[in-house]
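Colleague: I would like a close look at a single part of this model. Please start with the overall picture, then zoom in.

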Amino acid sequence: MLGFPNGSGGDGVGAEDLSQLQSTMRAIELACSYIQINSNPVAAEATILSLHQSPQPYKACRYILENSQVANARFQAAAAIREAAIREWSFLATDDKGGLISFCLGYVMQHANSSEGYVLSKVSSVAAQLMKRGWLEFTPADKEVFFYQINQAILGSRGLDVQFIGINFLESLVSEFSPSTSSAMGLPREFHENCRKSLEQNFLKTFYQWAKDAALSVTNKIIASHSSVPEVKVCNATLRLMYQILNWEFRYSKGGGTRASINVFSDGIRVDNALARKTECVIVQPGASWCDVLLSSSHVGWLINLYSSVRQKFDLEGYWLDCPVAVSARKLIVQLCSLAGEIFPSNNAQMREQHLLLLLSGVLPWIDPPDVISKEIEEGKSGSEMIDGCRALLSIGTVTTPVVFDQLLRSLRPFGTLTLLSMLMGEVVKVLMANSTDEETWSYEARDILLDTWTTLLASMDGSGGNAWLPPEGMHAAASLFSLIVESELKVASASGRGTVDPTETLEEVYSLLLIIGHVLADEGEGETALVPDAVQSHFVDVVEANNHPVVVLSSSIIKFAEQCLDAEMRSSIFSPRLMEAVIWFLARWSFTYLMLVEDCNLGSNQLQSLPSRACLFTFFNEHNQGKFVLDIIVRISLTSLMSFPGEKDLQELTCFQLLHALVRRRNICFHLLSLDSWRNLANAFANDKSLFLLNSVSQRSLAQTLVLSAYGMQSSDASNQYVKDLMAHMTSSLVDLTNNSDLKNLAQQPDIIMLVSCVLERLRGAASATEPRTQRAVYEMGLSVMNPVLRLLEVYKHESAVIYLLLKFVVDWVDGQLSYLEAHETAVVINFCMSLLQIYSSHNIGKISLSLSSTLLNEAKTEKYKDLRALLQLLSHLCSKDMVDFSSDSIETQSTNISQVVYFGLHIITPLITLELLKYPKLCFDYFSLISHMLEVYPETLAQLNNDAFSHVLTTVDFGLHQQDVDIVTMCLRALKALASYHYKEKNAGNSGLGSHAAGHTDPNGVFHEGILSRFLRTLLHFLLFEDYSTDLVSTAADALFPLILCEPNLYQGLGNELIEKQANPNFKTRLANALQVLTTSNQLSSSLDRLNYQRFRKNLNNFLVEVRGFLKTR
């Protein structure tokens, strides 16, 4: 017996034992004092740790709890009870387990009036954790004894302090049973899930009812009193507990007879689907069994009346809105607003609406009328109630349709809820406009919540994005709200422009309006065909004259405004770089949507194509009307932004990468571009004007890419190729002339030459990335003409890491664009060039790091090395792709041999330079494992030929990749393992050596045995699958890797299985695991052939195996 039979005092303790207990208590008290004053903390922590780790410290802990005057010592004693009991639980007698819990509960209730609340919370938490630990062992009668004591306390029969403690204990208990807040106990996940299921199905609703009853027992006195009373503390605790229970992720209380299964692949912690929003909104779905507690018992009405009554009583005391009981009540009301699911009977559609209407009627005084409440907040009243009212609207909007949401308010007001939402948002916008400050006030938070509400309501409409389910009043409310926002901006702009010489403030407003208008008129077109928004078309259905169409009028006005930047005087006085950025951004977004529309492609849904307004939008800016004129203006504006704003990096990148690139993305525009003098001026400036050589690298590359892409506008393929040759001739000849100079080594080190070479390489890279079938021949010849200069520059600039990187990146992009089109003899030329490049890179030790460098230089060197290595990895990957994508007419057998040799040589160069530290760079990591995975799938024999050090290093990195968080990286590593193991298995079955010595274990000179690589990965992968957390998306890929590994190492697999079985102390678990391991490799008619059907069978087997065993193997 441990001295905890019934929670009584230390009866029967002898004098010798008492002396020992007192000595232990003093030691712990002294240690706690030392930690508090930071005196000899190491020794003090060791003393406390000895108590936690000592076997059966229960008597000493009990003595400290009952007798010590040091609160921290009592806290540590409670913690020690918890650690020892969890550690020794399986050895404790049933009476001792119950005695520990009874003692903790008795202690907190006996000391309920203590001022040291954190000690009581700790002891209460320990009781909750121990109750969970024995939950599946205790009989219903055992639990009834515990909960009878708790229920009596909560009902208030032993006073307010004990009532509060009882509620606090239930909070701790619910927290322990919830996956997201439970304490680790080193137990199987099945245990935690079964505890959770039991509590949810049998006790959770009861706890909620107890909390309701406790609240009812004290609220009358709170309402009747004229000042704060002790009952408030209890009431706040009950509200907090009810909120906590409703925040539970219900899985087993839902109706329908479905059986919720355990997720054996993750921790079971809820990931809310509102992560895309700024405001959290958790939908509460407790199931039909909760209807009597939450809906049929007037519970919601009681809660609304409670808050309203106390609110009215303390209306003049503004601080009351932020006191704990008020905050807890509002949180519970907001949570009840998100009630959904089967709790509402399917044959009673009105119950949900009545429930939400009751809640809305209670929330309404918090937010209506918006202008009055806003004024009160600005005069000093707390804004917390207003913000909670906005949250309530968000919750209601989340669980209803826009129609139901709007109808709710009509029985209380002459307008709908959408109108109220618009009024609220309008008031918040007014406050934000009036108080423009960097400090985030209540209005900022309210704005975010209300925007999320609008987003939720609009996202719930039909999938076509139309407004079929949005009531007309709702459309009007949304339009009015947007009009208010624009009107506010215009008023500020107008006011700032009157009576002042400095136009800065007005231009700032113009800047904002350009961005707003751009977002309204055009959707984001990145990655897809940009369409004129349906809302824009449907809103102006009665407009038949193009000159009167609002979109045409607004667009024309902005284009005319932008055209003013072509005048030097206007440009210097009005168009700042920031304003030009807005102009360029707008023109890019607008051009991609409206300029020279292709009929039936850019005008959205079919039902809108017959509208009269469609013809206005289609014809006004098309090629037969104003389109070519506007196109010329846009090109001239682009050239001006590049030539007249030197050093403005952001502006130039917007021009090159967004605006000009948007123009050449549409083929029909390319045909007109090449006929414009302005476009020819741009191409001529690109080739000859020195000012454009000052653009940054991104802009150089993008501009070259754009100009080459525009060659599609030529009438024939020959003309397109000639256009590219003429465009890039100056670039290629400058590199050839430079490398032919006899004094190249000295000349190349001059700063202006380095800048010239860098600029030319960026342009060549941009042209290479624009390769298309129509211009492929010209781009190939461009690269062919600079092959020798590139190799020469690689030698000359071996100490200029920035130039080396540009050289490599040009080659990477050029090879990527060309290789799939080349015939065999041309491919051989490219492969030989790549081999020479790799040899030169290796011979000059480019990329190696000197350990003698200072830490700063070492970090810089790592960064440069990372960039070089990534470029080389990409080059090798592109070479491998020839076997997958090949448009040439020749056989690829000879090419494959040559390519594998180059890749093999490249791996020998790169492998020693790839460190685990460098693999922490995400992009390098992805490129590296892409190459390794592809290499092992296409050329497994090449990797097998690597020397032992290189091969071992590659597989060490694969092991590293298996344990990364990125699912793509893990997937590629699993694919690499599958390729490696299946290659070895097939080769061995064919009588060959396969991986040879790499697969065989060996004993080193010190007599230590080292497993073969396949054995090592079989052990690693089994551990990964059984004990680590990962996405279910990985199970199929992992099965494909595990299957050939088991076939390669059947004896090891059998041994690992037996070892795992023997470790199971629970006979039931031991039997389940043995059966599951047997079924894994025998069921589903699985054979030893590595064919598609067997892979499919093993995937199914592995998934069933993991579902069966991970629940008790994975502990928490």
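How many helices and strands does the protein chain have? And which residues of α49 are buried?

Modeller: This is a predicted model: local features need pLDDT of at least 70, side-chain atom pairs need 80 or more, and totals for chains, interfaces and linings use all residues. Residues are numbered from 1 along each chain as its sequence is written, and side-chain values use heavy atoms, without hydrogens or water.

The protein chain has 50 helices and two strands. These are DSSP runs, numbered from the N terminus: helices are H or I, at least four residues, and strands are E, at least two. Of its 1116 residues, 52% are buried (under 20% relative accessible area, 1.4 Å probe, protein chains only).

Now α49, residues 1067–1082. Its 16 residues should span 22 Å at 1.5 Å a residue (1.5 Å times one less than the number of residues). The end C-alpha atoms are 23 Å apart, which agrees.

The buried residues in α49 are Phe 1069, Arg 1072, Leu 1073, Ala 1076, Leu 1077 and Leu 1080. They cover an arc of only 130° around the axis, so they sit on the same side of α49. The arc is taken from the directions from the helix axis to the C-beta atoms. What do they pack against? The partners are α9 (189–202), α48 (1050–1062) and α50 (1092–1113).

Asn 1066 caps the N-terminal end: one of its side-chain oxygens lies 2.8 Å from the backbone nitrogen of Asn 1068. After α49 comes Asn 1084, with a positive phi near 65°.

Technical notes:
Buried means under 20% relative accessible area, exposed over 50%, partly exposed in between (1.4 Å probe, protein chains only). Contact means heavy atoms within 4.5 Å. A polar contact is a pair of N or O atoms within 3.5 Å; within protein, one must be able to donate a hydrogen and the other to accept it, and residues adjacent in sequence count only if both atoms are side-chain atoms.
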